[in-house]
Amino acid sequence: MKLGLQMFSLGQEIRKDMIKAIELVGKIGYDGVELSGYGGLSPKEMKQLVADNGMEIAASHVHLPEEKKDQEAALEYAAEAGIPKLIIPFMENSRWFPTTPTFRDTLQQVKEYVALAAKYNIQIGYHNHGHELMEFGGKSVLDHIADNTPNNFLLEVDCYWVEFGEKNAFEFIQRHADKATTICHYKQMLEPVEKANITLDKGYIDFKKISDFLKAHNGQWAIIEQEPGSVDDLVEAAKINHDFARSIL
């Protein structure tokens, strides 16, 4: 399984210079990056930049475009840049809450986007936050998303946010192994009371157990994410997280 860094983890200031930011990630030793913006680079420039630094593009966080022409533009950029997965980074709970017609309409929009992306050989997925762990009908909203989206739709489980929602990240991944093992966000929680985000080496979430399960189920990418503001030095955190993850992958 490969190790990547979600570029959001470096903070806005560092990402202002995308070239230097990508170079920094490559020097730390990551296998790849998950993008969260393109820094004004063309698809060809982005593809070459990442390759020149010995890495791959694991995925990119791109909000779900409302119009088909905007979906096509996002997919065309991704296809030319060699981005195999576009992950929707956030949706308000009002879009996902399992009621009719809101949930049905969102699912339809997602299904159409997934079908369109397949023509570009690109997979679509969703990255959760804590609000999707609210329960409805005895299941979390995230469970409803998993159960009702297309088979080729990915769940990029953010382990920190699942725990923030007071659910067990490992158990969720295990329950939805068909969608949740391809790409996973490794984000650590110090303890379950104040719920501080901390580097991987200091928290309680058992990422060794998660890693072993992902590897046994054809996991492709472990993606490190650190919330800007959660630590004093984001670059040092990226190094610490890299070294710890390597020790358990």
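On a 1 Å grid over the protein atoms alone, a pocket is an open set of points where a 1.4 Å probe fits, with protein on both sides within 12 Å along at least five of seven lines; lining residues have an atom within 4 Å of a point. The model is predicted: local features need pLDDT of at least 70, side-chain atom pairs count only at pLDDT 80 or more, and totals for chains, interfaces and linings use all residues. Residues are numbered from 1 along each chain as its sequence is written, and side-chain values use heavy atoms, without hydrogens and water.

Select Q6, F8, S36, H61, V62, H63, P89, H127, H129, E225 and E227, which line the largest pocket. About 160 Å³ of space lies there, a volume being the space filled by probe spheres set on the points.

Next, select Y186. Leaving aside neighbours within four places in sequence, its contacts (heavy atoms within 4.5 Å) include M1, L200, F207, E225 and I248.

Then go to the aromatic pairs (Phe, Tyr and Trp ring centres within 6.5 Å, the six-membered ring for Trp; planes under 30 degrees apart are stacked, over 60 edge-to-face, the rest tilted). The count is nine. Select W96 and Y126: this pair is edge-to-face, with 5.3 Å centre to centre and 70° between the planes. Both residues are buried, meaning under 20% relative accessible area with a 1.4 Å probe, protein chains only.

Last, select F170 and F213. Their ring centres are 5.5 Å apart and their planes at 75°, so this pair is edge-to-face. F170 is buried at 14% relative accessible area, and F213 is buried at 13%.

Definitions and conventions
Buried means under 20% relative accessible area, exposed over 50%, partly exposed in between (1.4 Å probe, protein chains only).
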